[in-house]
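Have a look at this model with me. A few questions and answers follow, to be read alongside the structure.

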Amino acid sequence: MHPAPPPRLTSVDAYRGFVMLLMMAEVLEFGKISGSNPQSGFWRLLAQHQNHVAWTGWVLHDLIQPSFSFLVGVALPFSLAKRIASGQPAWQRTAHAWLRALILVLLGVFLRSIDHPQTNWTFEDTLTQIGLGYGVLYWLGNRSLRAQVIGLATILIGYTAFFFLTQLAPGVRDHWALNTNAAWKFDVWFMNLFPRESPFVANEGGYSTLSFIPTLGTMILGLLAGGWLQREDKTPTEKIRRLLIAGAILLGTGWALGALGWIPVVKRIWTPSWTLFSGGWCCFLLAAFYGIIEILHCKKWAKPLLVIGMNSIAAYLIAHLFVTFISEALPRHLGPRVFQSLGENYQPLLHGAGILLVEWLLLAWMYHRKIFLRI
């Protein structure tokens, strides 16, 4: 007789829905609105937080991928408990985990290959990065808390040492600089092992394959948080207090490493300081959703987020595959004047809002018919 699995946390699904909504809301094109209204600080602020920083630092948009990765870790203890309670044997759970990892990697490559004449073998996509580390995350999910903490420390210390000890080009002293770092040097070799349209020289944004290693660190932080939320011997207040304390420590440590000039906070190559810094924000956000939904029992407001969060893979695919089709279909059937009703300056906003609404309605249709895309 297996113990009953812990109930699914609405707060986790709502947080995931919030993250996916931020990603999908790129179609609102705040940057264009700000460009048409240069005197407006409001639109300038929204535009700033809808685009990634060039290198060091962060904005809200930079927390999307860490949150998504963090929540993969949070969900794992609950998923394992559910599979164990159903009587699924260990070998089957392991096979499913590694198959899931493979599918995520290939799905990321598929999405990155859109509009390319051949398979675009690149591994910086969010799904691919999660897939590359998911097998190890699953392995740690079946280990003790001590093993999980040691795994996290090994990743962060080892990755830092790898960057500092890698010999770069002559005269290069900044081991964390754009496309002159250890991860870039690895990709110059690794990416050219695959058939390509042209030889790989550098990723324009500085993204790298090896970022999956510190991304795994982010997922382990989520694993630790999920294990803590799963505990039945702790009250909800104790759980939220631990999340807030952990968030403060992680955020402070990551910020200090960057401020002292030791390890800059760079999302694009997922520096260890970014793992800690963004992990702190993830703990704060999880605590906020958990407190509002699970402790204060305010759930009705989160329904639009649940529609997205409970079908996150479907939302990710819709945002990457259907936006162009929806974008072209709306003015074709509704006429262009509908989106110019507030003037030319706000046409991109109304058009984007229409796209976002159609995406949400597709997910709502799936939600109400209990159609959930799982891997």
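Q: Which residue just after α10 takes a positive phi?
A: This is a predicted model, where local features need pLDDT of at least 70, side-chain atom pairs count only at pLDDT 80 or more, and totals for chains, interfaces and linings use all residues. Residues are numbered from 1 along each chain as its sequence is written, and side-chain values use heavy atoms, with hydrogens and water left out. Helices are DSSP runs (H or I, at least four residues), numbered from the N terminus. Just after α10, the residue with a positive phi, about 80 degrees, is Gly261.

Q: How far apart are the end C-alpha atoms of α10?
A: Helix α10 covers residues 236-259, which is 24 residues. The expected span is 1.5 Å times one less than the number of residues. That gives 34 Å for α10, and the distance between its end C-alpha atoms agrees: 34 Å.

Q: Which helices are included in what covers the buried residues of α10?
A: Buried means under 20% relative accessible area with a 1.4 Å probe, protein chains only. In α10 the buried residues include Lys239, Gly247 and Leu257. Contact means heavy atoms within 4.5 Å, and the cover includes α9 (212-230) and α11 (272-295).

Q: Against which helix do the buried residues of α8 pack?
A: In α8 (residues 182-190), Ala182, Ala183, Asp187 and Phe190 are buried. Because they cover an arc of only 135 degrees around the axis (taken from the directions from the helix axis to the C-beta atoms), they lie on the same side of α8. They pack against α7 (145-165).

Terms used: Buried < 20%, exposed > 50% of the residue type's maximum accessible area, 1.4 Å probe, protein only. Helix = DSSP H or I, 4+ residues; strand = E, 2+ residues; numbered from the N terminus.
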